[in-house]
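Please find below a short note for a colleague who is meeting this structure for the first time. The sequence and the model are shown first.

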Amino acid sequence: MASAPLLLEQFIYKKRNFVYAFVRHRLFTLCKQSLIRVQSAEGIKRIEISPKSNLKQLYDSVQNVLKVDGFGLFMERNFATELHASGSQLVGSALKHGDMVYLKQIAGTSSRRTSTTAIDNMSFNSAKLSTDRLTNSLRPSIEVIEDEVDQQLFKLSGTIKRERDSKLCHHNANGCCVHCSPLEPYDENYLKEHNIKHLSFHSYIRKQTSGMDHGKYFVFDDINCRIKPGCREHPPWPKGICSKCQPSAITLNRQTYRHVDNVMFENTKIVERFLNYWRTTGHQRMGWLYGTYEQHTDVPLGIRARVAAIYEPPQESSRDSINICPDENAEEVDAVAKALGLKKIGWIFTDLITEDASAGTVKQIRGIETHFLTAQECITAGELQNRHPNPCKYATNGTFGSKFVTICVTGDQTKQVHMEGYAVSAQCMALVRDNCLIPTKDAPELGYVRESTDKQYVPDVFYKN
């Protein structure tokens with residue numbers, strides 16, 4: 001039988017071994033962990049996480065340690081490259097031990113901060129479940145709140161009804177055949193017969209989602225004209241560039257669809273009051289259009305912009321130019337319009353030169369032989385459309401295109417005052433957003449694409465005519 005001192009000595013020895021094993025295990029665990037520094041408005045916090053953990057677990061750790069919600073993590077201080085909360089990308093593949101990430105508060109919950117292109121948390125138990133989760137990862141259909149008119153059009157079937165043909169249909173009144181069955185809203189023959197040049201935006205969506213997969217993989221991607229930041233395979237531009245970060249070349253083409261198919265003023269007095277300034281001074285004038293969007297029945301699944309008022313902001317104008325001044329009442333005007341159920345839906349400007357004052361005629365400046373909009377006006381329209389994006393659940397970032405319209409008041413072929421409505425394409429919006437397009441001095445109908453410099457890389461822009 002062992003004595004008491006011997007038992008105590010064995011006990012102390014075992015305790016020492018336990019402490020040594022614990023310390024060794026702790027050091028081994030720390031060696032496997034990566035230290036990530038997170039800088040926020042409250043300072044710098046340190047997060048310990050395994051390199052084999054995914055970025056979604058990193059988001060959860062930051063949320064638990066910093067007690068924040070609705071945030072994004074970025075690689076640079078200027079919040080250029082975002083680390084998406086991907087369930088497939090590992091921390092070790094994006095960050096290394098000691099790296100610093102920058103936290104930025106973003107509206108919504110942190111669960112929204114998921115990649116719009118990565119396929120995360122997919123379950124392969126059934127084909128339907130995996131396809132649904134794939135669709136949700138490609139486009140943020142749950143969080144996007146579309147305009148009321150888009151929600152209404154989405155619920156409609158959109159098919160074009162046809163009457164029974166007495167010569168071709170040999171069935172009874174309740175029957176249906178290929179000669180009288182409803183047409184799809186994107187039917188080419190119907191559009192040609194009714195002289196509809198462009199598909200409505202919702203008709204275009206129906207066309208893209210009419211296949212066997214019902215548009216499970218259909219998304220709108222914004223055109224990128226800038227170098228993707230964060231590439232570590234070479235020095236930053238202008239010292240290096242690669243195919244991964246270089247934006248693709250752009251080939252200009254005619255957009256087959258349009259977001260707004262018609263613009264209507266509620267009454268003629270709205271336009272008459274707006275034109276009084278030009279009639280009395282001979283100077284050009286510009287104004288903001290306030291109104292609503294509604295269904296346009298003349299075009300399948302079409303949208304009409306109904307103008308209820310024109311607000312003329314402070315401006316300095318002459319016979320050939322308009323300069324918009326800062327408006328101190330802009331927020332109050334928007335608040336009053338919102339209280340009346342209206343929103344800013346476009347802008348209007350005049351380009352009128354009197355030809356015969358006694359006859360009341362004006363010169364025809366614009367047309368197919370000259371131009372419809374100048375490059376400067378297209379750039380201005382693109383800038384305004386970028387400021388008023390269109391919420392869309394089929395877009396990777398929740399918005400695509402714009403319903404913001406441009407109205408030009410000028411002279412027509414009969415030398416009378418005439419109004420035309422326009423909207424620039426998504427390609428033009430992207431070129432304007434990324435500062436690639438500028439006007440020319442001598443040819444207003446032509447635009448100029450910037451050349452690449454040490455500060456900015458501009459992709460190649462090709463065109464046919």
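Predicted model: local features only at pLDDT ≥ 70, side-chain atom pairs only at ≥ 80, totals over all residues.

1. Helix 2 comprises twelve residues, 55-66. At 1.5 Å a residue it should span 16 Å, and its end C-alpha atoms are 16 Å apart, which agrees.

2. Which residues of helix 2 are buried? They are Leu 55, Leu 58, Tyr 59, Val 62 and Leu 66. These residues cover an arc of only 100° around the axis, which puts them on the same side of helix 2. An α-helix has 3.6 residues a turn, so residues three or four places apart point the same way.

3. The cover over the buried residues of helix 2 includes strand 1 (34-40), strand 2 (43-49), strand 3 (71-74), strand 4 (82-83), helix 3 (91-94) and strand 5 (100-105).

4. At its start, a side-chain oxygen of Asn 54 comes to within 3.2 Å of the backbone nitrogen of Lys 56. Just after the helix, Lys 67 has a positive phi of about 55°.

5. The largest nonpolar core has 25 residues, of which Cys 225, Trp 288, Trp 347, Phe 349, Leu 431 and Leu 437 touch the most other members. At least two residues each come from strand 10 (286-296), helix 9 (330-339), strand 14 (343-350), helix 10 (375-387) and helix 11 (426-433). Helix 11 gives the largest share, five residues.

6. Apart from this core lies another, of 23 residues, including Trp 278, Tyr 293, Val 307 and Ile 310.

Notes:
Residues numbered from 1 in each chain as written. Heavy atoms only, no water. Helix = DSSP H or I, 4+ residues; strand = E, 2+ residues; numbered from the N terminus. Expected span 1.5 Å × (residues − 1). Buried < 20%, exposed > 50% of the residue type's maximum accessible area, 1.4 Å probe, protein only. Arc of directions from axis to C-beta. Contact = heavy atoms within 4.5 Å. Polar contact = N/O pair within 3.5 Å; in protein donor to acceptor, adjacent residues only side chain to side chain. Core = buried A, V, L, I, M, F, W, Y, C linked by side-chain atoms within 4.5 Å.
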